[in-house]
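Thanks for making time this morning.

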Amino acid sequence: MTPSTAACPGCARLRSALRAVLVEMAWRDINAVTVAAAAGLEVGTFARHYLTVADCGFDAFDEAARECGAVCARSMPPGARDCGERFLRLTGAVLCWTVGRPGMARMLFVVPAQSGDSALLKRHSEFKQSLVALFDRPDPNSPAGRTHAEFLVGLCCQVIGRGLENGVEFTELRRSVLELAPFAVTASGR
């Protein structure tokens with residue numbers, strides 16, 4: 001997303017409408033007319049902001065990824081080395097963000113897998129790698145280093161995505177995510 005797109009109220013309105021439409025429709029079935037109508041705008045207005053629905057969708061995904069990633073980064077204390085602590089802080093931040101931003105969370109955790117769109121799946125992979133990078137500090141207690149962090153982040157994203165897709169209540173989603181915590185604890189118990 002370009003800075004001008006991010007700051008544009010019309011673009012923001014269209015991104016929000018696209019996320020709302022994705023609750024009812026599949027990625028491949030959405031068109032400019034549908035998104036514009038959901039935003040309360042004429043289709044010509046859509047064309048002045050975005051060349052394609054995919055461009056709008058990519059910006060909607062990038063916006064969600066940037067926002068969630070920033071929340072996760074702020075949740076990590078400086079110098080935290082314990083993998084289990086980082087995992088709990090990360091999942092706590094993601095879950096709190098998810099509750100406050102359900103449309104964005106769905107865009108981030110559900111839509112890429114449902115869509116099968118290679119560009120969206122690539123963006124999702126890059127988002128997960130940004131979360132893995134939060135674990136990339138020297139950690140002698142992590143059993144497999146980066147591979148371990150990738151496993152944890154991937155599993156967490158998958159559990160959240162399935163929960164959101166199935167309409168699971170927050171308490172159940174939280175319980176499901178926290179059931180992953182033993183995978184973050186290392187042989188040393190840290």
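This is a predicted model: local features need pLDDT of at least 70, side-chain atom pairs count only at pLDDT 80 or more; totals for chains, interfaces and linings use all residues.

Let me start with L90, which lies in helix 6; helices here are DSSP runs of H or I with at least four residues, strands are runs of E with at least two, and both are numbered from the N terminus. Residues are numbered from 1 along each chain as its sequence is written, and side-chain values use heavy atoms, with hydrogens and water left out.

Is L90 buried or exposed? At 2% relative accessibility, L90 counts as buried, where buried means under 20% relative accessible area, exposed means over 50%, and partly exposed is anything in between, computed with a 1.4 Å probe on protein chains only. If we set aside its neighbours within four places in sequence, L90 is in contact with C72, S75, M76, L131, L134, F135 and V153, contact being heavy atoms within 4.5 Å.

Helix 6 covers residues 83–100, which is 18 residues, and reaches 26 Å from its first C-alpha to its last, close to the 26 Å expected at 1.5 Å a residue, the expected span being 1.5 Å times one less than the number of residues. Its buried residues are C83, G84, R86, F87, L90, T91, A93, V94, L95, W97 and T98, and they pack against helix 5 (53–75), helix 7 (102–109), helix 9 (118–132), helix 10 (146–165), helix 11 (170–178) and helix 12 (181–184).

Helix 5 and helix 6 pack at an angle of about 135°, with their axes 8 Å apart; the axes are lines fitted to C-alpha atoms, for helices over the stretch in contact, and the angles run from 0 to 180 degrees between N-to-C directions. The two helices are therefore oblique to each other, since angles under 35 degrees count as roughly parallel, over 145 as roughly antiparallel, 65 to 115 as roughly perpendicular, and the rest as oblique. The contact is made by A64, E67, C68, V71, C72 and S75 of helix 5 and by R89, L90, A93, V94 and W97 of helix 6.

Helix 5 also packs against helix 9, at an angle of about 10° and with the axes 10 Å apart, and these two are therefore roughly parallel to each other. On the helix 5 side the contact involves F58, F61, D62, A65, C68, G69 and C72, and on the helix 9 side A119, L120, R123, H124, F127 and L131.

Which residue does D62 form a salt bridge with? The partner of D62 is R123, with the closest N and O atoms 2.9 Å apart, a salt bridge being a side-chain nitrogen of Lys or Arg within 4 Å of a carboxyl oxygen of Asp or Glu. D62 lies in helix 5 and R123 in helix 9, so the pair ties together parts that are 61 residues apart in sequence. At 15% relative accessibility D62 counts as buried, whereas R123, at 23%, counts as partly exposed.

By this rule the count comes to eight salt bridges. Another of them joins R19 and E63, with the closest N and O atoms again 2.9 Å apart; R19 is in helix 2 (residues 9–21) and E63 is in helix 5, 44 residues apart. R19 counts as buried, at 9% relative accessibility. Back in helix 6, E85 forms a salt bridge with R89, the closest N and O atoms being 3.1 Å apart, and the two lie four residues apart, about one turn of the helix.

Finally, the chain as a whole. It has 12 helices and zero strands, and buried residues make up 45% of its 190 residues. Of the contacts with a separation of 6 or more, 65% are between residues 24 or more positions apart.
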